[in-house]
Amino acid sequence: MGSAYLVVRIKGQADCPYWATTTMTLLKLDKKYRATILPAKDNTLGMLNKVKHYVTWIEIDASLAKELIDKKARKEGYKKITAADLKELGFESSDALGAALAEGKATLSKLKPLKPWFALSPPRFGFKKSTKKMYGQKGVLGHNNDLPKLVRNMM
């Protein structure tokens, strides 16, 4: 088991049952194409398996976490984060914050001026696989090994 998961919501709010909406709100995935980094725990994996028909996830590495922080991390007022903001949080650089998030030592929801999610765009050149099927059935939902490439297209 990895130490942190990158989770991306693929499906929107329409026709989403109450229990799935509630679970995704707890995961900080309120809208379509929102991503977050969650520390790997048994209850986190249980929540992901519960909403696997709406989200996709993978164990994250430090380089992808750093890329997400550099390009998509925001603070209050939807402003980009600066080096001074990182120093305030206790990290020397985005590399250190990315490594801490990837190892599960820090969580986005606990780092207060930062938003607990990343707002991604729809992927450039579109999805190459179905957004209605699980990863094992030639889709993108559930535990997805091709997610880093997809997220880089969404940044």
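**Charged side chains**

A: Asp85 and Lys75 form a salt bridge, with their closest N and O atoms 2.9 Å apart; the term denotes a side-chain nitrogen of Lys or Arg within 4 Å of a carboxyl oxygen of Asp or Glu. This pair links distant parts of the chain, since Asp85 belongs to helix H4 (residues 83–89) and Lys75, 10 residues apart from Asp85, to strand S4 (residues 74–75). Helices (H or I, at least four residues) and strands (E, at least two) are DSSP runs numbered from the N terminus. Both Asp85 and Lys75 are buried; buried means under 20% relative accessible area, exposed over 50%, and partly exposed in between (1.4 Å probe, protein chains only).

The model is predicted: local features need pLDDT of at least 70, side-chain atom pairs count only at pLDDT 80 or more, and totals for chains, interfaces and linings use all residues. Residues are numbered from 1 along each chain as its sequence is written, and side-chain values use heavy atoms, with hydrogens and water left out.

Seven salt bridges are found in a search of the whole structure. Among the residues involved, Lys66, Asp70 and Asp95 are joined into one network by salt bridges that share partners.

Glu67 takes part in two of the contacts described here. One is with Lys71, where the closest N and O atoms are 4.0 Å apart. Glu67 and Lys71 both lie in helix H3 (residues 62–72), four residues apart, which is about one turn of the helix. Glu67 is partly exposed, at 23% relative accessibility, and Lys71 is also partly exposed, at 44%. The other contact is with Arg152, at 3.0 Å from N to O. Arg152 lies in helix H6 (residues 147–154) and Glu67 in helix H3, so this pair ties together parts that are 85 residues apart in sequence. Arg152 is partly exposed, with a relative accessible area of 31%.

Lys28, Lys41, Lys110 and Lys112 form a positive surface patch. Patches are made of residues with over 30% relative accessible area and no salt bridge, like charges being joined within 9 Å and nonpolar side chains (Val, Leu, Ile, Met, Phe, Trp, Tyr) within 5 Å. Lys and Arg count as positive and Asp and Glu as negative, while His and the chain ends are not counted. Lys112 is exposed, with a relative accessible area of 61%, and sits in the loop between helix H5 (94–103) and strand S6 (118–119).

Conventions:
Areas by Shrake-Rupley, 256 points an atom, 1.4 Å probe, with all protein chains shown as cover. Charge placed at Lys NZ, Arg CZ, Asp CG, Glu CD.
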